[in-house]
Structures are given as structure tokens and as C-alpha cells.
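Welcome! Here is a friendly briefing on a protein model, made for reading side by side with the picture.

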Amino acid sequence: MCKHIVNAQVSVRAPCKKWFDCPECHEELAKDHPLQKTHEMVFACKKCKKVFRKDMAVYEDSDEYCPNCDNHYVIEAKERKPELQIGVEGDDPRIMRDYRAKQKYLNPDEVMADIMG
């Protein structure tokens, strides 16, 4: 699932043979090489889970739909809005602090010495 585009309808196979939902995902995961431009693209529809190819040099309006299930995959992208988080420096919300009093463990020899006098 893409953390940049909320409503991605297809995954795209990059020329490096890996699948990504958006160019930002490719940039994050494949840092050793840039995304190459190509005219023929391979898509995987997220609705029907089938793969299909499109030649982007001869692209028509009918090419905006998956050829297997007619899912409209060319839609306006909805990006995830960054969440505003307010906190104190050094305060990690994932860490839970235990403020309970710690139990004291008594040495049995000391307890017996106190009882005996």
C-alpha cells in the first residue's frame, strides 16, 4: 500500500523489475538508481489483481480503464495529508513509562536477623 497516494488503483512495474504505486515509493526504496523513462508500461490492477501492458506513445481515452475489469485507474490522486504532532523534545509517544513504585525484594537472611534480634 502506498503511503503517498491514498487512492492508487494500479501498481506500476518499473524498468528495474520492481513494483511501485508511485514515483515517490520508487525513489524511497530504490535509492541506487533513478526511475527510467519508458513508453511501454506494465500495470497491475488492484481491483482484479491482473497485469496488463500499455504503450504510452499511443495513449487514448479508452486506455484509462483496466482491460480486464474496466476499473478506471486514471483518476485524480489524493495525497495523504501530513499529521500534525505536538510533543516535547525527547518524548516518544511509542514509549510507555511505568510510574508505579518498584517492589523491594528482601534478603531472607536480613529478615531473620531482624526477627531474632
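What follows is a tour of this structure, topic by topic.

Please keep in mind that this is a predicted model. The protein chain contains 2 helices and 4 strands, and reading along the sequence gives the pattern β-β-α-β-β-α. The strands build an open sheet, and the model also has a largest pocket of about 630 Å³.

**The chain as a whole**

- The protein chain has 117 residues, and 21% of them are buried.
- Take the contacts between residues at least 6 apart in sequence: 37% of these join residues at least 24 apart.

**The sheet**

- In what order do the 4 strands lie in the open sheet? The order is 2-1-3-4, with antiparallel pairing.
- Strand 2 (19–20) and strand 4 (51–55) are the edge strands, and each of them pairs on one side only.
- Strand 1 and strand 2 run antiparallel and are joined by 2 bridges. Here Arg-13 stands opposite Trp-19 in strand 2.
- Strand 1 is also joined to strand 3, by 4 bridges, and these two strands run antiparallel. Val-12 has Phe-43 in strand 3 as its bridge partner, while Val-10 stands opposite Cys-45 in strand 3.
- How many bridges join strand 3 to strand 4? There are 5 bridges, and the two strands run antiparallel. Glu-40 stands opposite Asp-55 in strand 4, and Met-41 has Lys-54 in strand 4 as its bridge partner.

**The two hairpins**

- Strand 1 and strand 2 form a hairpin with 5 residues between them. Look in the turn for Lys-17, which has a positive phi of about 70 degrees.
- Strand 3 and strand 4 form a hairpin too, with 5 residues between them. In this turn, Lys-49 has a positive phi of about 65 degrees.

**The aromatic residues**

- The structure has 3 aromatic pairs. One of them is Phe-43 with Tyr-73: the ring centres are 5.4 Å apart and the planes meet at 45 degrees, so this pair is tilted.
- This pair links distant parts of the chain, with 30 residues separating its members. Phe-43 sits in strand 3, whereas Tyr-73 belongs to the loop between strand 4 and helix 2 (108–116).
- Are Phe-43 and Tyr-73 buried or exposed? Phe-43 has a relative accessible area of 6%, so Phe-43 is buried. Tyr-73 has a relative accessible area of 9%, so Tyr-73 is buried as well.

**The largest pocket**

- The largest pocket has a volume of about 630 Å³. It is lined by 28 residues, and the closest to its centre are Val-12, Asp-21, Cys-22, Pro-23 and Phe-43.
- Which elements each supply at least two residues of the lining? They are strand 1 (10–13), helix 1 (23–29) and strand 3 (40–45).
- Strand 3 provides the largest share of the lining, with 4 residues.
- By residue type, the lining divides into 19 nonpolar, 5 polar and 4 charged residues.

**A closer look at Lys-46**

- Where is Lys-46 found? Lys-46 lies in the loop between strand 3 and strand 4.
- Lys-46 has a relative accessible area of 30%, so this residue is partly exposed. The cut-offs explain the label: partly exposed lies between under 20% (buried) and over 50% (exposed).
- Along the chain, Lys-46 and Gln-9 are 37 residues apart, yet their C-alpha atoms are separated by 5.6 Å.
- Leaving aside residues up to four places away in sequence, Lys-46 touches Ala-8, Gln-9, Val-10, Ser-11 and Asp-21. Asp-21 is also listed among the residues closest to the centre of the largest pocket.

Definitions and conventions
Residues numbered from 1 in each chain as written. Predicted model: local features only at pLDDT ≥ 70, side-chain atom pairs only at ≥ 80, totals over all residues. Heavy atoms only, no water. 1 Å grid on protein atoms, 1.4 Å probe; cavity = no way out; pocket = protein on both sides within 12 Å on 5 of 7 lines; lining within 4 Å. Points joined across faces, edges and corners; volume = space filled by probe spheres on them. Nonpolar A, V, L, I, M, F, W, Y, C, P; charged D, E, K, R; others polar. Pairing = 2+ DSSP bridges. Phe/Tyr/Trp six-rings, centres within 6.5 Å; stacked < 30°, edge-to-face > 60°. Buried < 20%, exposed > 50% of the residue type's maximum accessible area, 1.4 Å probe, protein only. Contact = heavy atoms within 4.5 Å.
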